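Welcome! Try each task yourself before you read its solution.

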Amino acid sequence: FGSSAPTLGSSRGRSIARTHLRSVGMLTVATGSMLAAAVIASASSPWTSAQAECLATSPSRCSAEHLLLQGGRELASKHAKTKHEHLSAETPQADGRLYARRSLVADEGNGAGTRHGVSLDECKVACDSEPACRSFSYSDFSRTCYMKDQEVTMESAPKERRTWDWHLRTYFPVAPNSTVALSMPVNDSEAVPGHRYVERTLSANEGRGVHAELQVTLAECEKLCDVMEACRSFTYSATQRACFLKDAIVAMEDAARVPQYLDYKTYIQVQLCNSHVCAEGTILRLDADSVEGKDDETCCQPKHSYSERTLLANEGHEIYAEFPVTLAECEDLCDLTGTCRSFAYSTEQQSCHLKDKAATKEDAERADQHLDYKTYVQVPLCSSHACAEGTILRLDAASILGQDGEACCLPRHSYAERTLVANEGRGLSMESHHLTLTECEELCDLTLACRSFAYSAEQQSCYLKDASVTMEDAARVPQHLDYKTYVQDPLCSNHACNSGMVLRANATAILGDDDETCCESR
C-alpha cells in the first residue's frame, strides 16, 4: 500500500473555547432552592420570605438580574459565587483537574501515550493517570487521544493550520478555581469563535438568563457570551458595568421593552455558520466557526458523490490518513480537505487514506490489490469543467456535481442590436458599470430571467431586462444618450409546440423559436 498514517500528534487544529465552560453555558442562573437558601441565610438580606419562595418556585423570573435591578447587588454577587461553587461540585475530574481547550501549540513536546476510540472525558482521565502527561491533543472526529509532556498555556504559540487536521485541538489542565476560561487573553484568532455584536434598545423578550457578571467591560461581556454555548445575546449597562447573558436570538426588529431601564442595551450576536444546519447534499464549511451567516449558500459546500473501484496503480500523493473511521466519515474528510480528489478505504481496517489524484474509473489498477482496500473516485464539480465553444459555465458551477456540458454549461446566445425600445420590461439587477458589450452579453446569458438588455458604449453601462423584445417593437421617443437595446435569440425552451408535438429533451440548450428546430413528434 506504500503509505503510512502521519503522526497525528504533530497536527494543527482549529480551536474553540474551553472544555469546562460547556457546562457553564448549559446552566441557567442557579437553581431556585439554592438561591432561596442564600437569601434565607443572609442576615442582612432585605428580601422577604415571599421573595425567597419566588426564587424557590420560579427561578427564571427571580434570577440574579432581577435581584440586581432591585438593588440586590450583594445578593447577586453571592448568587454568582454560589453558582460557580455548584459548577465545581458538579464537574469533578479524575484528580480534580479541569481542562481548557485551544488551538494546537507550536511546541507540543514529546508523546506520553496514545489512546484510540476514546471519548474526550476518557482522554482526560488517561492524562490524569499518566504522570508524564502535561497536555494532550484530541480529535472528536477520530476519537483519538495524543498525550504530551509539554506544559501549555493560552499564550503558547499556535501551530500553522493545515487543511487536513481541522478536527484536532489541544487541551491543558488549569487550576479548579482558575478564571482562564472567563478572561482568556487569546493570541490565536481561532481559539474562540469571536462573534460580532450589534447594539439595539433593550428587547422586550430577552429569553432566559444564562449567566450574570458584575464589574466587567463591554468587551469582556462579549467574550463571556462567545465562550458560553447557550448565549445568543446579552444586556449590558456601561454605568453599572453589569453583564447579563441571554439565550434568546434577538433581531433588530423585535419589540423594545417599555419602559427602557437605566442605560441598559441589548447586544445581538451575529450568527456564525457553525450553528447552521446544512441541507441534504451539502456539508458545513471547514471555516464555519469564523464565517458570519445562517444560510446554505454562505455556510455550506456541496458534498461530492464517490464511486468505488479497484485500488489504483497510481494513487497520487497521500494527504492524510485516519483510523478508525466509517466510509461516510472518510467521504466527509475528503470533502472538507481542499486538495483531496480521491481516497483509499478499507472496511476491515476502518482505515482512510486521502489522495490528491483526480482518479477516473478507467485508470490502471494496482496489480497486487492490497487487503480489501478500494479506491473511491470523487465526482468533480462543474467549476473545474471547460465548456465548449458557444456555451458558458453556469454561475452556480461551484455547487453542481458534474463534468459535462449538459450539466455544467449554458448556451451562449447571440444578440442583435436595435434602437432603444419603448417597453423594456422589468430590470433584473442594479446598473452594472465599467462592462464591455461582451461582458454584458455574458451577464445576460448567466441570468436565467434575462431576455434582453440595454447598453451604452460611452457609459459602459449595462441594464438587464426580462422583456422578450423583437426587432419590430416600438422605439422609445426620444432615445436616451447612445443606449441601444440588444435582442436575445430565444431558446427552444420558451417555444410552444403545435398539437401532436413536444419540446425536444435538450430544448434548454437549443436556440430557436419554431417547431422544426424545437419540437419532435409525441
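**Exercise 1. A strand and its partners**

How many bridges join strand 15 (residues 342-346) to strand 16, and do the two run parallel or antiparallel?

*Solution.* Keep in mind that this is a predicted model.

Step 1: Five bridges join strand 15 to strand 16, and the two run antiparallel.

Step 2: Follow the chain through the hairpin of strand 15 and strand 16, where four residues lie between the strands. Here Gln 350 takes a positive phi near 50°.

Step 3: Now look for strand 14 (residues 318-322), which pairs with strand 16 over four bridges, again in the antiparallel sense. In this pairing, Ala 321 stands opposite His 353.

**Exercise 2. Two faces of strand 16**

Find out which residues of strand 16 point one way, which point the other way, and whether they are buried or exposed.

Step 1: Sort the residues. Ser 351, His 353 and Lys 355 point one way, while Cys 352 and Leu 354 point the other way.

Step 2: Five of the five residues in strand 16 (residues 351-355) are buried, and the strand is mostly covered.

**Exercise 3. A pair of rings**

Explain why the rings of Phe 453 and Tyr 486 count as a stacked pair.

*Solution.* Step 1: The structure holds eleven aromatic pairs.

Step 1: For the pair Phe 453 and Tyr 486, the ring centres are 5.0 Å apart and the planes meet at 10°, so the pair is stacked. The cut-off to remember is that planes under 30 degrees apart count as stacked.

Step 2: Locate both rings. Phe 453 sits in strand 21 (residues 452-456) and Tyr 486 in strand 23 (residues 484-488), so this pair ties together parts 33 residues apart in sequence.

Step 3: Both Phe 453 and Tyr 486 are buried.

**Exercise 4. The largest nonpolar core**

Work out which elements supply the largest nonpolar core.

*Solution.* Step 1: This core has 14 residues, and those with the most contacts inside it include Cys 221, Met 228 and Phe 234.

Step 1: Helix 8 (218-227), strand 8 (233-237) and strand 9 (242-246) each supply at least two of the core's residues.

Step 2: Helix 8 gives the largest share, four residues.

Step 3: Zoom in on Phe 234, which touches residues including Cys 221, Cys 225 and Leu 245.

Methods:
Residues numbered from 1 in each chain as written. Predicted model: local features only at pLDDT ≥ 70, side-chain atom pairs only at ≥ 80, totals over all residues. Heavy atoms only, no water. Phe/Tyr/Trp six-rings, centres within 6.5 Å; stacked < 30°, edge-to-face > 60°. Buried < 20%, exposed > 50% of the residue type's maximum accessible area, 1.4 Å probe, protein only. Core = buried A, V, L, I, M, F, W, Y, C linked by side-chain atoms within 4.5 Å. Contact = heavy atoms within 4.5 Å. Pairing = 2+ DSSP bridges. Lists of a residue's contacts leave out its neighbours within four places in sequence.
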